[in-house]
Amino acid sequence: MPKLISNIILEKDKITLEPDPQLTKYVKDPLWIKCKEINMKECPEALASIPLVLNLAPIVWRLGGIWEDLKIDKNINNSLDLARRSISKIYKEYSFSGTIVGQGNVPNKNTNGSLILYSGGVDSTFTVMNKFKENPLLLSINADTTKRVTTDSSNTLKGYNSLRKKIPLERLVIESNFGTFLNQENIKNLFPGLTRSYWAAIQHGLGLSGLAAPILYLLNKHELIISGGHSVGQKGGAGSHPFLEGQLKWTNSFVNHYGYQFSKFEKIENIDKISRELKLKPRITVCTRANTITNCLTCEKCLRTLANILIADLEPADYGFEINKDDAINHLKIHVPHKIYLGQNEFAAWETVKFDALSQKNYGKNNKFLDWVIRLKLYNSPFKIFKSFIKRVYKYKILKIIAKN
Ligand SMILES: [Zn+2]
């Protein structure tokens, strides 16, 4: 029977995980995690393996067969099978017939308290604001800085610094090559027709949970809190879902997918409410552009978050968006929908924005911006975006002719 792990190297500040040769087609480099603050050497092998297991699990399920391994914690088996069943329901077009059977033992120990995965976006800021009284430790995972990949570590630090003025929680930063260790080309062939990357559509929640597993054990923590992005109507829940990583358990710890039921708008309203109570201005970064040093204000996610902030009638500059309210309204009207391409998931996310705007109007709030959002016609095909652009150009030209006459 195939194995999943070939070698586990435990060093004081680093865990390196090499997959079995049968998986090297899908893996460019061994997966590693670095942390200077804790002794990684003390992690039992059956737990140290979990980062690789969870980043590769959907690939192994796709390949089929039974993958038994003494180097994997046997107490993860049931929850892995639940996650496999969930992914089979989400992506019915692929068969996920493989089974991972951990046979390793991890010593039981008393664990308590939680880690919150913190990136500085809307979801994790919301989680911190609602959980800080339980004194969680924040965990940020930086991408490998030796390679040219997107890293928002400076933005995460700015967000953390803005919070800790009133919320003095400790934060631990670990580093990993999780963003670059896989062979994306070969993985693409395993998932033909997948409209987003393996990371965005499938790997995200499971992979990040896996990276935190050794840290939870070494710090005697019981619960990993992943901030759930509201993804109703979005296929695969952007690779993170209560029914994927939210079902995971292994020896001494489990994953809690927190806050899924709240839309981004509801989270922003809640962040604002708690910020006022604490007299705090949390800096939030949501930008998806590579190597960005702030919110770019032009990518789809920046624009959508800006819309939510304006629906809540807040000043964007108070939350890390360098633009005032009036300019932001005009800015949105120029960019949405003409300058953004909406895939299926983004389209569903904007429908939620419209729904929240309508709810605000029904609650008695009334302004022209809400009306504009409610009436917004969204396009999710490049042809329709082009058609709308042409229409706008002609409208502008006709207006110019009228003005001249
Ligand atoms: Zn952006």
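Modeller: Leaving aside residues up to four places away in sequence, Leu-139 touches Leu-115, Ile-116, Leu-117, Tyr-118, Leu-172, Ile-174, Ala-212 and Ile-215. A contact here means that two C-beta atoms, placed from the backbone, lie within 7 Å. This is a predicted model, in which local features need pLDDT of at least 70 and side-chain atom pairs count only at pLDDT 80 or more, while totals for chains, interfaces and linings use all residues. Residue numbers start from 1 along each chain as its sequence is written.

Leu-139 is also one of the residues that touch the most other members of the largest nonpolar core, along with Val-53, Ala-57, Ala-212 and Leu-306; this core has 97 residues. Its largest share, 11 residues, comes from α7. Domain 1 (5-258) and domain 2 (286-404) both contribute residues, so the core lies between them. A nonpolar core is a set of buried Ala, Val, Leu, Ile, Met, Phe, Trp, Tyr and Cys residues joined through C-beta atoms within 7 Å. Buried means 20 or more other C-beta atoms within 10 Å of a residue's own, exposed means 12 or fewer, and partly exposed is in between, again with C-beta atoms placed from the backbone. The domain bounds come from an automatic or database domain assignment.

Now for the sheet. Helices (H or I, at least four residues) and strands (E, at least two) are DSSP runs numbered from the N terminus, and two strands pair if DSSP finds at least two bridges between them. Strands of a sheet pair through backbone hydrogen bonds, either parallel or antiparallel.

Which strands does β7 pair with? β6 and β7 are parallel, with three bridges, and Ile-116 has Leu-138 in β7 as its bridge partner. Between β6 and β7 the chain passes through helix α4 (residues 122-131), making a right-handed β-α-β unit. Right-handed means that, with the strands pointing away from the viewer, the path from the first strand over the helix to the second runs clockwise.

Further along, β9 (residues 223-227) and β11 (residues 253-258) run parallel and are joined by five bridges, and Glu-223 stands opposite Phe-254 in β11. The loop between α7 and β9 holds Asn-220, which is not glycine and yet has a positive phi, near 60°. Asn-220 counts as partly exposed because it has 13 C-beta neighbours inside 10 Å.

The other end of the sheet begins with a hairpin that joins β1 to β2 through two residues. These strands run antiparallel and share six bridges, with Ile-5 partnered by Pro-19 in β2. β2 is also antiparallel to β3, over four bridges, where Leu-17 has Leu-31 as its bridge partner. One face of β2 is covered, with Ile-15, Leu-17 and Pro-19, whereas Lys-14, Thr-16 and Glu-18 make up the uncovered one. In the loop between β2 and β3 sits Thr-24; its C-alpha atom is 8.7 Å from that of Asn-183, although the two residues are 159 apart along the chain.

To set all this in context, the protein chain has 13 helices and 11 strands, and 41% of its 405 residues count as buried. Among its contacts between residues at least 6 apart in sequence, 74% join residues at least 24 apart.
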